[in-house]
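Please read the points below alongside the model.

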Amino acid sequence: MPISDRYRDWDREEHPPACNCADCVERRMKEIRKVSWAWWLLPIFLMWIGGLIAWGCTKKKIGERAKDYIWLGIAIFIIVGTIIWMALFGI
Ligand SMILES: [Zn+2]
């Protein structure tokens, strides 16, 4: 391992989990991007139920960002619900 990498790893341990320095932010963004885009399919197909499942499975890795799955699920649920409502009652 090159000295510069070893220094970076050692340096990271000195940073708190919520650290906002450029290195830590970049590292967190990588973690978030690593979490598969396929999780977005759950709220799209299962609506809020899928959002809850995706949130439950990814919250440890991406924290607050996992709530986006639930919001997408709820948004799709409302949109689909409105369309069905309009189709049924012709409003
Ligand atoms: Zn940091």
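The numbered points below go from the whole chain to single residues.

1. This is a predicted model, in which local features need pLDDT of at least 70 and side-chain atom pairs count only at pLDDT 80 or more, while totals for chains, interfaces and linings use all residues. Residues are numbered from 1 along each chain as its sequence is written.

2. The chain has five helices and zero strands, in the order α-α-α-α-α from the N terminus. Helices (H or I, at least four residues) and strands (E, at least two) are DSSP runs, numbered from the N terminus.

3. Of the chain's 91 residues, 14% are buried, that is, they have 20 or more other C-beta atoms within 10 Å of their own, with C-beta atoms placed from the backbone. Two residues are in contact if their C-beta atoms, placed from the backbone, lie within 7 Å. Taking contacts between residues at least 6 apart in sequence, 44% join residues at least 24 apart.

4. Helix α4 spans residues 48-62 and bends by about 40 degrees at glycine 56. The bend is the angle between axes fitted to the seven residues ending at a residue and the seven starting there. Gly50, Gly51, Ala54, Trp55 and Thr58 are the buried residues of α4; their cover includes α3 (41-46) and α5 (67-89).

5. Both flanks of α4 deserve a check of phi. Glycine 63, which follows α4, has a positive phi near 60 degrees. Methionine 47 lies in the loop between α3 and α4; its phi is also positive, about 55 degrees, although methionine 47 is not a glycine. Methionine 47 counts as buried because it has 20 C-beta neighbours inside 10 Å.

Technical notes. Buried ≥ 20, exposed ≤ 12 C-beta atoms within 10 Å, placed from the backbone.
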